[in-house]
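Here is a short briefing to read alongside your model. Have the sequence and the 3D view open, and let's start with a pocket.

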Amino acid sequence: MTLWSPVLADLRCSETGEVRLTGESRPEVLASPLAVAECAIASVATCLAAAAELGYARTGRRPDVALDTAHVAAAVRGEVWLRDPAGQPVNGWAPLSRLWRAGDGWVRTHGNYPWHRAALLTALGVADGPDKETEAAVAAAVAARPAREVERAVYQAGGLAVAARTEAEWLAEQPVEAAPLVGLTPLGAAPPLGAPPLGAGGSLPAAGVRVLDLTRVIAGPVGTRMLAAVGAEVLRIDDPHRPEPRLHAVDGVVGKASAALDADTEDGRRTLHRLIADADVVVTGYRPGAMRRLGLDPDQIADRHPGTVVATLSAWGTTGTWGTRRGFDSLVQVATGIGWATSTDGTRPGSLPCQLLDHATGYLLAAGVLAALTHRERTGKTLHASLSLARTARWLLDQGSRETSPAPGGNDAADRAQLYRTDLGNGWSGITAPGSLDGRALSWPHLPPRYLASPAAWRP
């Protein structure tokens, strides 16, 4: 398994040790015509190797790293295995988040948030009402139009809809950026971190590092919670007027403190910048340019808060006609050709066995932050780490096709996932952090998942 080697080269990890893997190279639950299992394992292994490298830079000793591939398979489907206090799974999809037959193809929409649902219905001229009636009206409205016309109208209205494209169609429209999977660019100077502090978490590579998390949904939260698992203090900030749905209000704040802050107010902006002044890392997961009005683009943070590592995550990258669009994993799959590459019958786009673009990008985001912290420790200079779901999609497609075998039955997958289940607090349970350092399994810090219940402040 060498997929992560070129990624580590991109991350400037000069002396990476080995990641000891156990388990199947392709867990059956991740069976796909594409290299889903390989990319999932590579992304987590890259993150763990980057954590070990940071530990080496801070202490002179590189911890031993081990990873069970079955644990990876459970982790990248973590939202599937989340259980509420009644022991029940939590549905993360709204009725209008799905594929629809258009007049000349297929369209994937995303309506998990009320404001995106409203924009979608407005664009299609459909009145909101009971789910079944609304779904029928949306189906009729989409079927009456060409797929790209639906895409254009919905995006113009502020919603999310993407026409299904083949890989060749996507590349013709949106050429691949000549950029590494994890972009790292200079951002300024900063003092070294020094050795991890003594006390709880002091033996972990990122102990003492403060991370301000301004991300949502899956990819960003996966990355920042993994930073928490390797020792960082992570404070997540959300807009109180646009809260997360139930699944992400738990799964997205695991291992973190979760606070509400209205950055559209003067007091909110002052508090936000006070937090950044005491942070080592700021991670944002909004579309390019959306944070500029708050002074949170990388160059603005570098000017106002020199020495801060900045990581930015987007759906489509920062160039081309799609660079300023909103997007999610399911939409990127359909737009980039993954949908047709995974189709089972050639007439309807398929999907990946997990939201791989989110999860792989999340672990690579954490790896980028860890590599930037290592760079700061060794050189006294900070970096900006940039990633996108579309670039991760390109990485997956570049691996080519695979022979597939049927995924195992639900009970088999559930039995394997039970091995990695952990208590998340308040009656919730989920999958623990993948990997171990020096024989010690990683775990989430003891911060119960109480959404928006923490103060917008760092721990004393």
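Helix α9 gives the most to the lining of the largest pocket, contributing 3 residues. This is a predicted model, in which local features need pLDDT of at least 70 and side-chain atom pairs count only at pLDDT 80 or more, while totals for chains, interfaces and linings use all residues. Residues are numbered from 1 along each chain as its sequence is written, and side-chain values use heavy atoms, with hydrogens and water left out. Helices (H or I, at least four residues) and strands (E, at least two) are DSSP runs, numbered from the N terminus.

**The largest pocket**

- The largest pocket holds about 970 Å³ of space.
- A pocket here is an open set of points on a 1 Å grid over the protein atoms alone, where a 1.4 Å probe fits, with protein on both sides within 12 Å along at least five of seven lines; lining residues have an atom within 4 Å of a point.
- The volume is the space filled by probe spheres set on the points, which are joined across faces, edges and corners.
- Of its 39 lining residues, R216, G285, Y286, R287 and A290 lie nearest the centre.
- Two or more lining residues come from each of α5 (114–124), α9 (219–229), β8 and β11.
- The lining has 20 nonpolar, 7 polar and 12 charged residues; Ala, Val, Leu, Ile, Met, Phe, Trp, Tyr, Cys and Pro count as nonpolar, Asp, Glu, Lys and Arg as charged, and the others, Gly among them, as polar.

**The sheet and its helices**

- Seven strands form an open sheet with mixed pairing, in the order β6-β12-β11-β10-β7-β8-β9; two strands pair if DSSP finds at least two bridges between them.
- At the edges are β6 (183–189) and β9 (257–260), each pairing on one side only.
- Strands β11 (309–314) and β12 (381–388) run parallel and are joined by 5 bridges, and S314 has S388 in β12 as its bridge partner.
- Helix α16 (389–398) packs on the sheet and touches β11 and β12 (contact means heavy atoms within 4.5 Å).
- The direction of α16 makes about 70° with that of β12, using lines fitted to C-alpha atoms, for helices over the stretch in contact, with angles from 0 to 180 degrees between N-to-C directions.

**Two positive phi angles**

- Most residues other than glycine have a negative phi.
- N426, not a glycine, has a positive phi of about 60°, and sits in the loop between β13 (421–425) and β14 (428–431).
- D438, also not a glycine, has a positive phi of about 55°, and lies in the loop between β15 (436–437) and β16 (440–441).
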